[in-house]
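Visitor: I am new to this structure and would like to learn how to read it. Please take me through a few features in turn.

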Amino acid sequence: MSIIKKDVIVAGMKKEEKLNALIDTGSSANYIKKSIADRISAIPPPKKIKTKTVVGNGSIIEGETAGIFVKVDDCSTMIPVIVHDDNKMTEDIILGVGFMQSLHAEIDMKEDTFEIKRCIPFQMI
């Protein structure tokens with residue numbers, strides 16, 4: 001498992017915002033704080049889906065799904081996220097394996113780098 005911090009821009013239907021993301025290869029999903037999802041107007045799914053996530057300490061937290069655009073290093077992708085209450089998350093956004101796969105990205109822990117192998121040119125809303 002690898003973890004790295006990276007500046008990203010997230011966008012929803014109305015606004016974009018710069019965040020310092022935690023990129024976690026041990027996370028099977030992507031997570032965002034509710035206050036941020038609300039500010040950017042994250043894209044709601046066609047059908048509301050509630051989720052339960054088991055976190056590192058073994059506790060279970062509930063959330064709902066949404067979609068956001070993420071820009072990193074002049075490349076962008078749209079990803080699904082699970083929206084959690086702010087008090088349940090220590091990071092603003094956690095980007096997991098699905099995010100990395102969408103950009104064919106790799107983390108080099110020795111060099112502390114994040115490299116994108118397939119770039120989709122930046123194009124937000």
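This is a predicted model: local features need pLDDT of at least 70, side-chain atom pairs count only at pLDDT 80 or more; totals for chains, interfaces and linings use all residues.

Visitor: How many helices and strands does the chain have, and in what pattern do they follow along the sequence?

Guide: The chain has two helices and nine strands.

Visitor: What share of the contacts with a separation of 6 or more joins residues 24 or more positions apart?

Guide: That share is 58%. As for burial, 46% of the 125 residues are buried.

Visitor: Which residues have the most contacts inside the largest nonpolar core?

Guide: In soluble globular proteins, nonpolar side chains tend to be buried together. Here the largest nonpolar core has 28 residues, and V10, I68, L95, F99 and F114 have the most contacts inside it. Apart from that core lies another, of six residues, including L22, Y31, I82 and I94. Returning to F114, its contacts beyond four places in sequence include I4, I23, V72, F99 and M100. F114 also touches charged residues, among them K6, D73 and E106.

Visitor: Where does the lining of the largest pocket come from?

Guide: Rolling a probe the size of a water molecule over the atoms shows where empty space is left. The largest pocket has a volume of about 350 Å³. Its lining has 18 residues, with K34, K48, E64, T65 and V83 nearest the centre. At least two lining residues come from each of α1 (34-40), β5 (60-72) and β6 (75-84), and β5 gives the most, with five. By class, the lining has eight nonpolar, three polar and seven charged residues.

Visitor: And which residues are closest to the centre of the second largest pocket?

Guide: The second largest pocket holds about 260 Å³ of space. Of its 13 lining residues, Y31, V55, G56, I61 and I94 are the closest to the centre. Six of the lining residues are nonpolar, five polar and two charged.

Visitor: Last, is K18 buried or exposed?

Guide: Exposed means over 50% relative accessibility, so K18, at 60%, counts as exposed. K18 is in strand β2 (residues 16-24). Leaving out residues up to four places away in sequence, K18 touches D7, V8 and I9.

Key: Residues are numbered from 1 along each chain as its sequence is written. Side-chain values use heavy atoms; hydrogens and water are left out. On a 1 Å grid over the protein atoms alone, a cavity is a set of points where a 1.4 Å probe fits but cannot get out, and a pocket is an open set with protein on both sides within 12 Å along at least five of seven lines; lining residues have an atom within 4 Å of a point. Grid points are joined across faces, edges and corners, and a volume is the space filled by probe spheres set on the points. Helices (H or I, at least four residues) and strands (E, at least two) are DSSP runs, numbered from the N terminus. Buried means under 20% relative accessible area, exposed over 50%, partly exposed in between (1.4 Å probe, protein chains only). Contact means heavy atoms within 4.5 Å. A nonpolar core is a set of buried Ala, Val, Leu, Ile, Met, Phe, Trp, Tyr and Cys residues joined through side-chain atoms within 4.5 Å.
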